[in-house]
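This report describes how the parts of one structure are arranged. Look at the sequence and the structure first, then read on.

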Amino acid sequence: MGLTTPETERIEIPRPEPLELPAQEPAEEPVPNEPVPVGGSATAR
Amino acid sequence: MTEPVVGWRLWRLRGGRLHSWAVDYCWEPGENRARCIAHGRSACITSPGQYCQCGIWAVWSPPACRERARTAAADRSEHVLGLIAGWGTVAVHGREGFRAEWAAIRCLFTNCPGILAARTIGSSLFGWWPRGNEQAPTDSADEPGIDPQRMDALHAVAARHGVPLVSLRKAVGMGLLGEMGIPRRHIAEAGRLAGLMLEGDSLV
């Protein structure tokens, strides 16, 4: 079984891009906690 | 044209694999390349041949697929309806469909194509489902009494090909057909086959 209508046009279509999975966000560098002076405050004086 | 053409076609589901409707070929997951299987003459060097029927065919209109399935003599329970994307050299056959050099399955449908409703506008069997309503009817409402064995086989073959398996009704409601590049008039045809009446259909 095929198509019964005569061919009307011939086109060239490029190969489609393969489906891409969404890229993952790079993990951020962990920021070390600032040391808190013993017996004092972390606030700058 | 830079985007693949998308059309409707039929397969026969046998032994857990999708067999071509017209020739002895078993579809592979991913890309499939056409080759000419000429009988009684030399095969075309490249497919789709210009004066041949070779190539991976699909039709633009879902009712055209239903008619092919309805008139087929073989067991209807093994018929499968789906969408393919075609590229490479593509022979366009007017408003009927195309023959492509390369193709990949995009989606399979749960509906038995040969027994889809041949409903007309105004039929009392119509459901009413305006566009914009995101609540799609369920598959069970779409195809009551569907053979569980057929569903299992469809799920397995869809998984093998890595494509979605949905009912026509759900595909229309979810906007899947539009996302796959099916024109609005053919989405409306698919909706009517699934028993839906979309906004813009006028009662007669």
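## A pair of leucines

Leu108(B) stands opposite Leu165(B) in strand 8 of chain B. Strand 8 (residues 165–166) of chain B pairs with strand 6 of chain B in the parallel sense, over two bridges. Strands here are DSSP runs of E with at least two residues, helices are runs of H or I with at least four, and both are numbered from the N terminus. Two strands pair if DSSP finds at least two bridges between them.

This is a predicted model, in which local features need pLDDT of at least 70 and side-chain atom pairs count only at pLDDT 80 or more, while totals for chains, interfaces and linings use all residues. Residues are numbered from 1 along each chain as its sequence is written, and chains are lettered from A and ligands numbered from 1 in the order in which they are written.

Strand 6 (residues 97–109) of chain B is largely enclosed by the rest of the structure, because 13 of its 13 residues are buried. A residue is buried if 20 or more other C-beta atoms lie within 10 Å of its own, exposed if 12 or fewer, and partly exposed in between, with C-beta atoms placed from the backbone.

Several strands of chain B run antiparallel to strand 6. Strand 3 (residues 32–33) of chain B is joined to strand 6 by two bridges, and Asn32(B) has Ala103(B) as its bridge partner. Strand 4 (residues 56–59) of chain B has four bridges to strand 6; here Ile56(B) is partnered by Ala100(B). Strand 5 (residues 79–93) of chain B is joined to strand 6 by eleven bridges. In this pairing Ala85(B) has Ala104(B) as its partner, and Ala91(B) stands opposite Arg99(B). Strands 5 and 6 of chain B form a hairpin with three residues between them, and Gly94(B) in the turn has a positive phi of about 55°.

Is strand 5 of chain B mostly covered or uncovered? It is mostly covered, since 15 of its 15 residues are buried. Strand 1 of chain B also pairs with strand 5, in the antiparallel sense and over eight bridges. Within strand 5, Gly82(B) is the bridge partner of Arg9(B).

Helix 1 (residues 62–71) of chain B has these buried residues: Pro62(B), Ala64(B), Cys65(B), Arg66(B), Arg68(B) and Ala69(B). They pack against strand 1 (5–14), strand 4, strand 5 and helix 6 (184–193) of chain B.

## The two chains

Chain B has six helices and nine strands, and 44% of its 204 residues count as buried. Among contacts in chain B with a separation of 6 or more, 71% are between residues 24 or more positions apart. Two residues are in contact if their C-beta atoms, placed from the backbone, lie within 7 Å. Chain A has zero helices and one strand, and 2% of its 45 residues count as buried.

## Where the chains meet

How many residues of chain B are in contact with chain A? There are 22, in contact with 16 residues of chain A. On this side of chain B, strand 5 and strand 6 are the elements that give two or more residues. The largest share, eight residues, comes from strand 5 of chain B.

Strand 1 (residues 9–13) of chain A runs antiparallel to strand 5 of chain B, and five bridges join them. Ile13(A) stands opposite Gly88(B), and Glu12(A) stands opposite Thr89(B).
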